[in-house]
Amino acid sequence: MSVDTKKLAALLGWYKQSLGDNLVAALVVNRDGLIMDSLVGSSEKSLDEEIISGVNALVEPVLTRITKEFNSGSFGTGTFDTEDYRFIFCESGPEAVLVTVLDAIAGIDSVFPYAYLAAEKIARIFDGRTVSPVIPKLVAESSTDTIQRRLNKLQKVKIKSREYAFKLILGGDGAVGKTSMVHRYVENEFETDYKSTIGTSIMKKECTFKELESTIRFIIWDLAGQAQFKRVRQSYLSNAEAGILVYDVTNRSSFENINKNWYLEIKKASPNIALLLVGNKIDLESERVVSRDEGEVLAQKLTLTYIETSAKTGENINDAFKMLALQIIRKFIETQAL
Ligand code: G3D
Ligand code: MG
């Protein structure tokens, strides 16, 4: 087995940056309990590399237990608290576990989305598949988010792909890259000479979280041709469970229209929609007029998760849809749990 260790190290670097002061250490451990890679965080408790060996001793017995559950196929994610530290274990494909060590008093809610995302990426690295080591910055969907409490339920409830399909719509001005994003995601290819057509195309795509034993089936509605828009707007926007608000980082008015028009209109048509805010075309860095900070501030204001993408290079496109799927799983669990 040859693992791209450079990529693994880069990914951990991004993971560390995402978690900031919360992180004491992050380790990628194989199923024999062997540490494949690790790094210490910037938390005050992360004094030196010694912590890694200490962590290793702690991790070993826990891993033995987990390995059993692994084999029975029941392990996905688990947490484990000691007096000084909190551990999050995320299964990362068949071969690895991502172990995240946090300060004992650290909140876990904001860490989980990153841990899932990192674990998914590590699984791909172990598989030898292509994956970007970059972990996009996510603005918390809401401060009262309690993913942890629902985690046990997540383990139990399986979302069966054949039973549930979620309507996903895209909002945003013309030419911001909505259709290109969908094409990227659905076919993983970018058509440079894509021509606007008239009507709505509807595509299916499944987004699977092995670790959560969940599959989200998106039915993506993409409206082509701005002229048609007014007439079909209502049926297009309503009854949607998921939506992506897209603006172009090189076009300020497309950004302003998210706040002025798109957000309100979509919320009105589909009040319970799970939404994601996307700043697209980041490959055009020299033409950028809307900064990442501005995107984040808007996301915070609207309590949305924010991601920056390029439909041209494919950067963060899969992650964007994944983050949305994760929100849906959470929403779904919340309603099921009542
Ligand atoms: P829309 O569906 O939001 O209207 P489209 O937008 O997907 O049709 O894209 C509009 C134009 O932007 C297209 O250019 C497309 O190629 C381009 N585009 C989309 N995403 C990106 C991106 O991430 N980076 C760059 N550089 N261009 C992008 P054309 O020239 O084909 O009209
Ligand atoms: Mg389009």
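Predicted model: local features only at pLDDT ≥ 70, side-chain atom pairs only at ≥ 80, totals over all residues.

## Arg-184 and helix H5

Arg-184 is found in helix H5, which covers residues 178–187. With a relative accessible area of 14%, Arg-184 falls under the 20% limit and is therefore counted as buried. The side chain of this arginine reaches the backbone oxygen of Ala-311 at 3.0 Å.

## Surroundings of ligand 1

Several polar atoms of the protein approach the ligand. A backbone N or O atom of Ala-175 lies 2.7 Å from an oxygen atom of ligand 1, while an N or O atom in the side chain of Lys-281 is 3.1 Å from an oxygen atom of the ligand. A polar side-chain atom of Asn-280 lies 3.2 Å from a nitrogen atom of ligand 1. Taken alone, ligand 1 exposes 650 Å², of which the protein buries 78%.

## Nonpolar cores

The largest nonpolar core holds 84 residues, and within it Tyr-15 and Phe-218 touch the most other members. Helix H3 (residues 112–127) supplies the largest share of this core, ten residues, and at least three residues come from each of domain 1 (5–127) and domain 2 (143–337).

Leaving aside neighbours within four places in sequence, Tyr-15 is in contact with residues including Leu-98, Val-111, Tyr-114 and Ile-135. A second, separate core has ten residues, among them Leu-27, Val-29, Phe-87 and Val-99.

How values were computed
Residues numbered from 1 in each chain as written. Chains lettered and ligands numbered in written order. Heavy atoms only, no water. Core = buried A, V, L, I, M, F, W, Y, C linked by side-chain atoms within 4.5 Å. Buried < 20%, exposed > 50% of the residue type's maximum accessible area, 1.4 Å probe, protein only. Helix = DSSP H or I, 4+ residues; strand = E, 2+ residues; numbered from the N terminus. Domains from an automatic or database assignment. Contact = heavy atoms within 4.5 Å. Polar contact = N/O pair within 3.5 Å; in protein donor to acceptor, adjacent residues only side chain to side chain. Areas by Shrake-Rupley, 256 points an atom, 1.4 Å probe, with all protein chains shown as cover.
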